[in-house]
Amino acid sequence: MLTLSDLEAAAEFVHARMAATPQHHWPLLSQATGAEVWVKHENHTPMGAFKVRGALTFMDWLTRTHPDAPGICTATRGNHGQGQAWAATSAGLRAKVYVPRGNSVEKNAAMRAFGAELIEHGADFDTARQEAFRVAEAEGLFIVPPYHIELVRGVATYAYELFTAHPDLDTVYVPIGCGSGICGTIMARDALGLNTKIVGVVSDQAQTAKLSFDAGRMIETNSANTFADGMAVRVPVQDAFDIYSKGAERIIAVSDDEVAEAIRLYFTATHNVAEGAGAAPLAGLMQERDQMAGKRVGVILCGGNIDTGWFKTVLSGQTPTVAA
């Protein structure tokens, strides 16, 4: 777990390299949900997503503790890979990044632009992750897992910013892929001694975190076919599960149609672009709007990196489809 001094030091480190992101109250979102909604705008980071924070702290730790590492190897659906590629190449290291076949064209382009050696492998994230671990060992590269305390230390700074600005939030909705975001939020809340409830949100097509939470043990799924690619995970991560299984209030599942509707609402109510995982917390709040009516609620807009084609489809009133 992170202490308050850990968070303060991480925030100071991150803020020396990027500005804190805003948290805004949007009246049209409050009208739509019946709650007083505060949006944490992680779509406003230098890479359009929260993952850059963890990349900064992880690479600082890596270069201090493993100065002979020639480079890193990791797997991603895009935002994690952008941050790791930028942080690694800025430190003079190689950045080998694995993505599944058919991954976001625009996220792939962004990762290459940040210096990634990008390799497509397998049908989904978890298969690409297995290959990244294998190649890292074979080639002597340092593996960057999807969950690591030094990643979470940076990620938690967005929750630290939100909670120090608004310590009286009743509930915060957070999307779950591998779990760094929700775990960072839980750790920040606990370090600050707050009573805010944390609700995790997954896709109903990628329910590994919800199934594991409900069962009290790790449960894998056979597929994760959702256009909310940041949540398209089949295999839970033990270290993350150990945190959110105890620290989350509940985990709920939203459909791709609900996510698409939340993307449209973000655009019409705030003129912000949200990717699928970024809109999932708002979709979760909309699903629970009756029980959240009149409460002060935070939603984490964790990223805005949605491919143009999918965004056009969503704005036309449809929901993007993903091949099984």
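Two strands pair if DSSP finds at least two bridges between them. Strands are DSSP runs of E with at least two residues, helices are runs of H or I with at least four, and both are numbered from the N terminus. One example here is Val-172, which stands opposite Ile-198 in strand 8. The model is predicted, so local features need pLDDT of at least 70 and side-chain atom pairs count only at pLDDT 80 or more, while totals for chains, interfaces and linings use all residues. Residues are numbered from 1 along each chain as its sequence is written, and side-chain values use heavy atoms, with hydrogens and water left out.

- Let's begin with an open sheet of six strands, which has mixed pairing and the order 1-2-10-7-8-9.
- Strand 1 (23–25) and strand 9 (250–254) are at its edges with a single partner strand each, so one side of each has no neighbour in the sheet.
- On average, neighbouring strands of this sheet are turned by 25 degrees against each other, direction ignored; the axes behind such angles are lines fitted to C-alpha atoms (for helices, over the stretch in contact), and angles run from 0 to 180 degrees between N-to-C directions.
- Strand 1 pairs with strand 2 in the antiparallel sense over three bridges, and His-25 stands opposite Trp-38 in strand 2.
- Strand 2 (residues 36–41) runs parallel to strand 10, joined by six bridges; Lys-40 has Ile-300 in strand 10 as its bridge partner.
- Strand 7 (residues 171–175) also runs parallel to strand 10, joined by three bridges, and here Thr-171 has Val-297 as its bridge partner.
- Strand 7 and strand 8 (residues 197–203) pair in the parallel sense over five bridges.

**Strands covered on both faces**

- In a regular strand, side chains alternate between the two faces of the sheet.
- How many residues of strand 10 (residues 296–301) are buried? Six of the six are, so strand 10 is largely enclosed by the rest of the structure; buried means under 20% relative accessible area, exposed over 50%, and partly exposed in between (1.4 Å probe, protein chains only).
- Arg-296, Gly-298 and Ile-300 lie on one side of strand 10 and Val-297, Val-299 and Leu-301 on the other, and all are buried.
- Strand 7 is mostly covered too, with five of its five residues buried: Thr-171, Tyr-173 and Pro-175 point one way, and Val-172 and Val-174 the other way.

- An open sheet of four strands has parallel pairing and the order 5-4-3-6.
- Its edges are strand 5 (117–120) and strand 6 (142–144), each with a single partner strand, so one side of each is left without a neighbour in the sheet.
- Strand 3 (residues 71–75) pairs with strand 4 (residues 94–99) in the parallel sense over five bridges, and Thr-74 stands opposite Val-97 in strand 4.

**Nonpolar cores**

- In soluble globular proteins, nonpolar side chains tend to be buried together.
- A nonpolar core is a set of buried Ala, Val, Leu, Ile, Met, Phe, Trp, Tyr and Cys residues joined through side-chain atoms within 4.5 Å.
- The largest one has 82 residues, and Tyr-173, Ile-182, Tyr-244 and Tyr-266 have the most contacts inside it.
- Helix 7 (residues 149–165) gives the most to this core, with eight residues.
- A second, separate core of 20 residues includes Ala-69, Ala-85, Leu-93 and Val-99.

- On a 1 Å grid over the protein atoms alone, a cavity is a set of points where a 1.4 Å probe fits but cannot get out, and a pocket is an open set with protein on both sides within 12 Å along at least five of seven lines; lining residues have an atom within 4 Å of a point.
- Of the 28 residues lining the largest cavity, Phe-50, Lys-51, Gly-177, Cys-178 and Gly-230 are the closest to its centre.
- The largest pocket holds about 380 Å³ of space, and among its 22 lining residues Arg-77, Ala-123, Asn-225, Val-322 and Ala-323 lie nearest its centre.

Technical notes
Grid points are joined across faces, edges and corners, and a volume is the space filled by probe spheres set on the points.
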